[in-house]
Amino acid sequence: MQLNASQIKVLQGQDDVISSMKEAASKELLNVSHHHHVYRNLLKDLSVQDWSDQNASSIASEICGFINVH
């Protein structure tokens with residue numbers, strides 16, 4: 001399969017967004033990990049998620065949402 005320039009640009013943009021979200025989530029997770037009860041609740045909430053039908057962007061959004069809520 002050959003991709004044209006516009007498809008590559010879209011894919012690169014999606015990759016940039018996901019990378020940025022992952023970096024932000026990692027930083028927030030580090031902050032949350034210092035608060036035992038918040039971290040425990042986050043892990044409990046994440047452990048019941050079924051992400052098998054979701055794409056990487058929606059999973060990253062969900063993780064960021066969990067971190068911001070807790």
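View 1. Helices (H or I, at least four residues) and strands (E, at least two) are DSSP runs, numbered from the N terminus. Along the sequence the pattern reads α-α-α. What you see here is a predicted model, in which local features need pLDDT of at least 70, side-chain atom pairs count only at pLDDT 80 or more, and totals for chains, interfaces and linings use all residues. Residues are numbered from 1 along each chain as its sequence is written, and side-chain values use heavy atoms, with hydrogens and water left out. Of the 70 residues in the protein, 16% are buried; that word stands for under 20% relative accessible area, with exposed over 50% and partly exposed in between (1.4 Å probe, protein chains only). The protein exposes about 5,400 Å², and 56% of that area comes from carbon and sulfur atoms. Such accessible areas come from the Shrake-Rupley method with a 1.4 Å probe; for residues, only the protein chains shown count as cover. Among contacts (heavy atoms within 4.5 Å) between residues at least 6 apart in sequence, 53% join residues at least 24 apart.

**View 2. Confidence is highest in α1 and lowest in α3.** The mean pLDDT, the predictor's confidence in each residue from 0 to 100, is 88 in α1 and 70 in α3. The protein averages 79, and 83% of the residues score at least 70. A friendly reminder for this view: where pLDDT is low, the predicted coordinates should not be read in detail.

**View 3. Helix α1 has 28 residues and reaches 40 Å from its first C-alpha to its last.** That reach is close to the 40 Å expected at 1.5 Å a residue, where the expected span is 1.5 Å times one less than the number of residues. The buried residues of α1 are I18, M21, A25 and V32.

View 4. C64 counts as buried because its relative accessibility is 16%. C64 and A25 are 39 residues apart in sequence, yet their C-alpha atoms are 5.6 Å apart in space.

**View 5. E23 and K27 form a salt bridge.** The structure holds 1 salt bridge, meaning a side-chain nitrogen of Lys or Arg within 4 Å of a carboxyl oxygen of Asp or Glu. Here the closest N and O atoms are 3.3 Å apart. The two residues are separated by about one helical turn, because they lie 4 residues apart in helix α1. E23 is partly exposed at 47% relative accessibility, while K27 is exposed at 52%.

**View 6. L3, I8 and L11 form a nonpolar patch on the surface.** Together they have about 240 Å² of accessible area. Patches are made of residues with over 30% relative accessible area and no salt bridge; like charges are joined within 9 Å, nonpolar side chains (Val, Leu, Ile, Met, Phe, Trp, Tyr) within 5 Å. I8 sits in helix α1, residues 5-32, and is partly exposed at 45% relative accessibility.

**View 7. S19 and S57 are 38 residues apart along the chain.** Their C-alpha atoms are separated by 9.5 Å. S19 lies in helix α1 and is partly exposed, with 36% relative accessibility.
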